[in-house]
Amino acid sequence: QVRGSVQGVNFRHWTATEARSLGLTGWVRNTPEGHVDGAALGKEESIEKFKKSLHRGPSIAQVTGVDIGKEQTVEKPEDINWDLTDFSIRR
């Protein structure tokens, strides 16, 4: 979950672009509380780069905090019933 001024500043689009450039699959969405939530799957190195980029966000955003929860290492996406093949923006 990303907190701060992250809605109405293209944060979801920026996040999807970042994730795709790193070869990640997953999703991102706005929450009613004004935050941005999401999930991502990919190589460990790419995930680490992605997590760092979330702290900065697009230039117009003001990120005040990033909470990463429920991390796990998996051998194959099927092991966790992950059937996403792209990184999508959810409404």
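**Figure 1. Two loop residues with positive phi in a predicted model.** Asn-81 is located in the loop that runs between strand 4 and strand 5. The structure shown here and in the other figures is a predicted model. Asn-81 is not a glycine, yet its phi is positive, about 55°. Most residues other than glycine have a negative phi. Asn-81 is exposed, with a relative accessibility of 71%. Lys-70 lies in the loop between strand 4 (62-66) and strand 5 (87-90). Its phi is also positive, near 50°, and Lys-70 is not a glycine. The relative accessible area of Lys-70 is 79%, so this residue is exposed.

**Figure 2. Strand 2 and its two partner strands.** Strand 2 (residues 25-30) and strand 3 (residues 36-41) run antiparallel and are joined by six bridges. Five residues separate the two strands of this hairpin, in which Gly-34 has a positive phi near 95°. Strand 2 is also joined to strand 5, this time by four bridges, and these two strands run parallel. Val-28 shows both pairings. Its position is opposite Gly-38 in strand 3, and its bridge partner in strand 5 is Ile-89.

**Figure 3. The buried side of helix 1.** The buried residues of helix 1 are Phe-11, Arg-12, Trp-14, Thr-15, Ala-16, Glu-18 and Ala-19. They are covered by several elements, including strand 1 (2-5), strand 2, strand 3, helix 2, strand 4 and strand 5. After helix 1 comes Gly-23, which has a positive phi near 75°.

**Figure 4. Arg-12, a buried charged residue.** Arg-12 belongs to helix 1 (residues 11-21). This residue is buried but forms no salt bridge, and the nearest side chain of opposite charge, that of Asp-37, is 11 Å away. A salt bridge needs a side-chain nitrogen within 4 Å of a carboxyl oxygen. The side chain of Arg-12 does reach a backbone oxygen, that of Arg-90, at 3.3 Å. Leaving aside residues up to four places away in sequence, Arg-12 touches Val-28, Arg-29, Asn-30, Val-36, Ile-89, Arg-90 and Arg-91.

**Figure 5. Two aromatic pairs.** The model has two aromatic pairs. The ring centres of Phe-11 and Trp-14 are 5.6 Å apart and the planes stand at 50°, so this pair is tilted. Phe-11 and Trp-14 are three residues apart in helix 1, about one turn of the helix. Phe-11 is buried at 1% relative accessibility, and Trp-14 is buried with a relative accessible area of 15%. The other pair, Phe-50 and Phe-87, is edge-to-face, with 6.0 Å from centre to centre and 70° between the planes. Phe-50 is part of helix 2 (residues 44-54) and Phe-87 is part of strand 5, so the pair ties together parts that are 37 residues apart in sequence. Phe-50 is buried at 6% relative accessibility, and Phe-87 is buried at 1%.

Figure 6. Gln-62 is placed in strand 4. Its relative accessible area is 54%, so Gln-62 is exposed. Gln-62 and Gly-4 are 58 residues apart in sequence, but their C-alpha atoms are 5.6 Å apart in space. Not counting residues up to four places away in sequence, Gln-62 touches Arg-3, Gly-4 and Ser-5.

Figure 7. The model has six salt bridges. One of them joins the side chains of Glu-18 and Arg-56 (3.9 Å, N to O). This pair links distant parts of the chain, with Glu-18 in helix 1 and Arg-56 in the loop between helix 2 and strand 4, 38 residues apart. Another salt bridge joins Lys-49 and Glu-45 at 3.5 Å, N to O. Lys-49 and Glu-45 are four residues apart in helix 2, so about one helical turn separates them. Lys-49 is partly exposed at 47% relative accessible area, whereas Glu-45 is exposed at 57%.

**Figure 8. A network of salt bridges.** Glu-48, Lys-51 and Glu-71 are linked in a network of salt bridges. Glu-71 is in the loop between strand 4 and strand 5 and Lys-51 is in helix 2, 20 residues apart. Glu-71 is exposed at 53% relative accessibility, whereas Lys-51 is buried at 15%.

How values were computed:
Residues numbered from 1 in each chain as written. Predicted model: local features only at pLDDT ≥ 70, side-chain atom pairs only at ≥ 80, totals over all residues. Heavy atoms only, no water. Buried < 20%, exposed > 50% of the residue type's maximum accessible area, 1.4 Å probe, protein only. Lys, Arg positive; Asp, Glu negative; His and termini not counted. Polar contact = N/O pair within 3.5 Å; in protein donor to acceptor, adjacent residues only side chain to side chain. Contact = heavy atoms within 4.5 Å. Pairing = 2+ DSSP bridges. Phe/Tyr/Trp six-rings, centres within 6.5 Å; stacked < 30°, edge-to-face > 60°.
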